[in-house]
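Welcome, and please open the structure in your viewer. We will take a short walk through it, one selection at a time.

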Amino acid sequence: MMQSTAVFSRPGHFGRVDWEFDDRTIYVSPQGMPMEMYPLRQISDFSGDDYTLQFGLGGHKFTLSRLGAEGPALRERLLRRWPQLRAEALCIDGGGEPEHFTTQYSTGDQPLRPCTVLLYDDVMILAVEGCDVTPVYLSSVSHVVRDESAYSVSFVRWNRTGGTFSRMGVRTDEFASSLDEARRRLAAEGASVLSTHLPTLAPSAKAALTARWLPGEMIPLAALEAGAPGIGDALITNWVATGPRVHEAEALLTDASLDMTFVGYERRPDAGTSPLWLLVGRDWEWFLENVSDGDFATYQLSGGPEVPSLVGMLLKSQRFTREALYLPLEQLTGARQDLAVPAAELPFLVQLRERLHGRIDHDDFAAWRESVNRIDQGDRSA
C-alpha cells in the first residue's frame, strides 16, 4: 500500500494530510480528524499532473497537491485502476479481460486530451481526463481508419459521430489490430445469432444484415426490410413465435409505422441466448417489449427520436435489469445496491428512467391490450 503526505483540499477542509492507496480506495487522514475513504468506483473523474491530482465525487471537487516524489507513481496506478473499477460500478464493463492503452483523444474540432482506453470483447471504455468513463460499444461502430503516418486510429459510428486516438506510438498497430479483431468476432457472433433465430430468411438477406444488425443495435423495421425483404414476417414466424410474447408483439405491430418500429437483441454469450426486444413508437409514446423472456412487463416511455438510441445503449450494456430501470433510488439497496450508482449517474440510464412512465403487466392479455390502447388514445394512467 502506498503511503505518504500531501496537501488535501475538499469542501470544508484544506491542510496537510497523510494518504494511502491500496489500488481500490484512497485513504486520507487529516491531522486530528478521522480517516476519510474515497473508493475509486465512486469517483467520477480525474485530472491533474504528477504532483497535483484532482478528482470529482458527488458533485464536489477534491485535490491532492504537493505529492512530491510519490506523485508520478500514484497517478499511474490511479489511471490504470480507476477506469475499470468505475466501469464495473456503472455496469458498462464488457466481456473478457480488457487491454489497456494510453493515448490522446479528440472528437470533432475539440483539442486532444489524455485518455486511457480499456478494450473489451464488445466495448471500448474511454477515460478522458476530467470526464467520467464512457462506453463506445463496438456494435455501434461502422468503420475504423488508421493513419500510420500520424500514429492515430479513428472510429466512426453508424450515426456518423466518432473520435480519434493519437500519439499511441509503437502501440498504434496493436490497438488497431485488436479493435479490428474484436469487431470481427462480434460480427461473427451476430451472424450466428441471425442464422439460429431466422432460419427461413433468405441467405442473401441474412448476409445483408450481418454487418449492420449487431447486438444491441435498435434498427427501424423499415431499414431492415429495405436491406432484407421479408424480415418482418420472419421475425414473427421464427424468433417471436418461440417466445412468450407473440400475441403482444402482433398487437403492437398492428397499424404501427415501420419507421417507428425498432427491433434489437441482447448479447448474452454466457447464457447462450439472445433475447429479442421490440420498441414501437406512436407520436411521443413508446412501448418496449421483451418478446423472449416471460418475466418482463411492457415498459411505457415518453420521448422523441432519442429513445431508440437510449434503449440500444441499455441492451448493449449486457447488464440490463428491470429494477435498474424502474425502482426508485431509495429502493436500490441490499441485493440491489450495485444498481444504485448506474441508476443515479450513468447518463443513458438516467435519461431512460426520466422517460419511463409505467409498466404494463402481462397477467391477462385482454387487460394488457386495453391498457395499451388507452395509452394510444392519450391516457398515461394505465
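A crossing of two helices is called right-handed if the near helix is turned clockwise from the far one by less than a right angle, and left-handed if the turn is anticlockwise. Keep that in mind for the first stop, and remember throughout that this is a predicted model.

**Stop 1**

Select helix α2, residues 172-197, together with helix α3, residues 203-210. Their axes come within 9 Å and cross at roughly 145°. Which hand does the crossing of α2 and α3 have? It is right-handed. To see where the two helices touch, show the side chains of Ala 187, Ala 191, Leu 194 and Ser 195 in α2, which meet Lys 206, Leu 209 and Thr 210 in α3.

**Stop 2: an open sheet**

Now colour the six strands of the open sheet, which follow the order β15-β16-β17-β18-β19-β20 with antiparallel pairing. Strands β15 (219-220) and β20 (356-360) are at the edges with a single partner strand each, so one side of each has no neighbour in the sheet. Two bridges join β15 to the antiparallel strand β16, residues 261-265. Zoom in on Ile 219 and you will find Val 263 of β16 opposite.

Are the faces of β16 covered or open? Both are covered: Thr 261, Val 263 and Tyr 265 on one side are buried, and so are Phe 262 and Gly 264 on the other. Moving across to β17, you will see that β16 pairs with this strand in the antiparallel sense over five bridges, and that Val 263 stands opposite Leu 278.

**Stop 3: helix α7 from its other partner**

On the α7 side, Val 307, Leu 310, Val 311, Met 313 and Leu 314 make the contact. On the α10 side, look for Phe 348, Leu 349, Gln 351, Leu 352 and Arg 355.

**Stop 4**

In soluble globular proteins, nonpolar side chains tend to be buried together. Here the largest nonpolar core has 58 residues, and those with the most contacts inside it are Ile 26, Tyr 38, Leu 40, Ile 43, Ile 92 and Val 311. Helix α1, residues 71-89, gives the largest share of this core, six residues. A second, separate core of 32 residues includes Ile 231, Leu 235, Tyr 265 and Trp 368.

Centre the view on Tyr 38. Leaving aside neighbours within four places in sequence, Tyr 38 is in contact with Phe 8, Arg 10, Thr 25, Ile 26, Val 28, Ile 43, Phe 55, Leu 57 and Phe 62.

**Stop 5: Glu 323**

Finally, select Glu 323 in helix α8, residues 322-326. Is Glu 323 buried or exposed? Its relative accessible area is 18%, and buried means under 20%, so Glu 323 is buried. Beyond its neighbours within four places in sequence, Glu 323 is in contact with Leu 332, Arg 336, Leu 339 and Arg 353.

Notes: Residues numbered from 1 in each chain as written. Predicted model: local features only at pLDDT ≥ 70, side-chain atom pairs only at ≥ 80, totals over all residues. Heavy atoms only, no water. Pairing = 2+ DSSP bridges. Helix = DSSP H or I, 4+ residues; strand = E, 2+ residues; numbered from the N terminus. Buried < 20%, exposed > 50% of the residue type's maximum accessible area, 1.4 Å probe, protein only. Core = buried A, V, L, I, M, F, W, Y, C linked by side-chain atoms within 4.5 Å. Contact = heavy atoms within 4.5 Å. Axes fitted to C-alpha atoms, helices over the stretch in contact; angles between N-to-C directions.
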